[in-house]
Each structure stands twice: as structure tokens, then as C-alpha cells.
Amino acid sequence: MEEIEALLAKSAEHCHKTGRPWVTLSYAQSIDGCIAARPGQPLALSGTLSLTLTHQLRAAHDAILVGIGTVLADNPRLTVRLVEGVNPQPVVVDSRLRFPLDASLLRHHPLSSWIATSEHADLDRQRALEQAGARVLRLPTDLSGGVNLAILLERLGALGITCLMVEGGARIITSFLRQRLVDLLVLTVSPMLVGGLHAVNDLRQTDPACFPRLQKPHAAWRGEDLILWGELARGKA
Ligand SMILES: NC(=O)c1ccc[n+]([C@@H]2O[C@H](COP(=O)([O-])OP(=O)(O)OC[C@H]3O[C@@H](n4cnc5c(N)ncnc54)[C@H](OP(=O)(O)O)[C@@H]3O)[C@@H](O)[C@H]2O)c1
């Protein structure tokens with residue numbers, strides 16, 4: 001964790017220079033690169049020790065972001081309950097406001113969730129979510145109709161978020177990588193094969209020089225899980 005924190009120390013300068021938070025992508029996968037057995041289903045991959053590391057990592061960030069697919073599948077709390085520390089601000093990317101009014105994030109989290117949605121999202125649904133305690137951020141969409149993540153990062157920077165942890169799921173991981181928005185990768189590899197939903201899908205690159213790549217990769221064991229981390233070189237555009 002100390003080595004990762006040393007990398008996170010760059011986040012303030014990064015945010016000052018770019019106006020966007022430093023982005024740490026962190027998730028747990030099987031040996032064959034899966035984060036779930038089936039799309040839309042939760043799968044516990046991390047052992048206790050690596051899960052504790054994940055909570056330490058959450059506590060080291062100002063905000064934590066997941067996609068609406070993860071909220072619907074896992075109903076996560078996104079807290080740091082396994083360690084002492086401050087809960088990061090939850091941010092959910094949800095262009096159609098499918099966020100359930102009874103989600104754990106609304107019912108069992110001390111902070112109001114920020115829901116990043118599109119400018120076209122339903123206003124009545126926005127009001128219902130706001131009455132339930134959420135804060136809705138309306139943002140332009142990207143070419144595929146999803147929330148424009150680069151603009152979302154600028155908005156989060158303006159709201160005082162200096163470092164952001166992105167936890168998933170597959171579509172969010174792929175979008176952040178495809179758009180070269182990730183600064184640091186912290187990956188938990190669980191010693192199993194799943195044959196299910198892959199974390200990373202089409203990055204729209206075939207030239208190996210363009211693939212995202214760990215610079216100076218580090219590795220350590222936490223129980224039976226392998227933790228891999230390092231800054232992400234984004235390759236040639
Ligand atoms: N192992 C792990 O560490 C881990 C971590 C997290 C999740 N998971 C698993 O991942 C699975 C969920 O993954 P998922 O791919 O279905 O959902 P996801 O990545 O959590 O959410 C994707 C959804 O976010 C919305 N979205 C809006 N703008 C987007 C953008 N620019 N790019 C991408 N998505 C955008 C889209 O829904 P709208 O069109 O409705 O806006 C999209 O379908 C679950 O099975 C969960 O258990 C595993």
C-alpha cells in the first residue's frame with residue numbers, strides 16, 4: 001500500500017495541471033480475465049486480504065466510480081468498512097437513470113451518491129432520485145450515447161475530486177481504457193478460471209504499440225491473490 005500511495009502522491013499535481021482527477025482503475029479478475037461468471041451477476045473473486053487492500057485503496061481516494069450495471073448486479077455499498085478511513089464519494093455512471101430508489105448506496109451510505117447522467121435523462125426520475133438523497137449531474141453524451149467520461153472527469157475535478165478510483169464493471173473499465181483516461185492500474189488476480197464476463201473488451205486497437213501497458217510493473221501476493229500494479233502508459237494514439 002505504501003508503494004501505491006507513493007504513486008497516488010502525484011494526484012494533486014496531476015489534477016492541478018489537467019483539471020481532471022487522477023484515475024486509478026482497480027478490480028478483481030480471474031486468471032482468464034473475467035470479473036463475473038455471467039453479465040449482471042455478482043461473483044466474489046477477492047480473498048479477505050486482497051479485499052482489505054481494496055478498501056485501503058478506496059480510503060486513499062476522494063471518490064469511487066462504478067457503472068449502473070454494477071449497481072444493478074451487485075447493489076454495492078462502496079464503503080471502507082474493512083479498514084479505518086474516510087469513505088470516498090460514490091459516483092455512478094447512469095445515462096438513463098436506472099438507479100434503483102432502494103439501492104444500498106442510497107439507504108446505507110453516509111454520503112449522497114452522485115449520479116452522472118445524460119442531458120436527455122427523465123426529469124421526473126431525476127427528482128425522485130434527488131428526493132431519495134442522490135445528487136444528479138447532467139452531462140453531454142459521447143458518440144455511443146453513454147455519459148461523456150472526459151467531461152465527467154472535468155466536472156469531478158471542478159467539484160474538488162483530486163483522485164478517483166474506478167472499480168468497474170466491464171463496460172466502464174473498457175470505456176476508461178479505450179479513451180486513455182487511466183493513470184494507475186491496481187489489479188487483483190484470483191487463482192481461478194471462470195470463462196465468463198471479461199473485464200476488458202474491444203479497445204479498438206490492433207497495433208501492440210498502442211495497447212495500454214504497465215510501466216515498471218509491481219507485483220505482490222495477498223494470500224492466494226496476486227496484486228499487480230503500476231502506472232499505465234497509454235501507448236501511441
Ligand atoms: N470483479 C470486480 O472487481 C467487479 C467490479 C465491478 C463490477 N463487476 C461485475 O461487472 C458486471 C457489471 O458490468 P457491466 O459491464 O454490465 O456494467 P458496468 O460497466 O458497471 O455499467 C455499464 C453501464 O454504464 C452505463 N454507461 C453510461 N455511460 C457509459 C460509458 N461512457 N461507458 C460505459 N458505460 C456507460 C451504461 O448503461 P446506460 O446505457 O443505462 O447508461 C452501461 O451499460 C457485474 O456482473 C458485476 O458483478 C465486477
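Two strands are treated as paired if DSSP finds at least two bridges between them, and the views below are of a predicted model.

**View 1. Strand β7 and its parallel neighbours.** β3 and β7 pair in the parallel sense, with four bridges between them, and within this pairing I64 has M165 of β7 as its bridge partner. β1 is likewise joined to β7 by four bridges, and these two strands also run parallel; here V23 has L164 of β7 as its bridge partner. Because six of the six residues of β7 are buried, this strand is largely enclosed by the rest of the structure.

**View 2. The shell around the ligand.** The shell comprises 33 residues, of which G67, G69, G146, G168 and G169 come nearest to the ligand. The elements that each give two or more residues to this shell are β1 (22–30), β2 (34–36), β3 (63–67), α4 (68–74), β7 (163–168) and α8 (170–178). The greatest contribution is that of α4, which gives five residues. By residue class, the shell divides into 16 nonpolar, ten polar and seven charged residues.

**View 3. The largest nonpolar core.** In soluble globular proteins, nonpolar side chains tend to be buried together. The largest nonpolar core in this model has 63 residues, and those with the most contacts inside it are V92, F99, I115, A116, L164 and F176. L164, one of these residues, is also the β7 bridge partner of V23.

**View 4. The surroundings of A116.** When its neighbours within four places in sequence are left aside, A116 is in contact with V91, V92, V93, D94, L137, L139, V147 and L152.

Definitions and conventions: Residues are numbered from 1 along each chain as its sequence is written. This is a predicted model: local features need pLDDT of at least 70, side-chain atom pairs count only at pLDDT 80 or more; totals for chains, interfaces and linings use all residues. A residue is near a molecule or strand if its C-beta atom, placed from the backbone, lies within 6 Å of it. Ala, Val, Leu, Ile, Met, Phe, Trp, Tyr, Cys and Pro count as nonpolar, Asp, Glu, Lys and Arg as charged, and the others, Gly among them, as polar. A residue is buried if 20 or more other C-beta atoms lie within 10 Å of its own, exposed if 12 or fewer, and partly exposed in between; C-beta atoms are placed from the backbone. A nonpolar core is a set of buried Ala, Val, Leu, Ile, Met, Phe, Trp, Tyr and Cys residues joined through C-beta atoms within 7 Å. Two residues are in contact if their C-beta atoms, placed from the backbone, lie within 7 Å.
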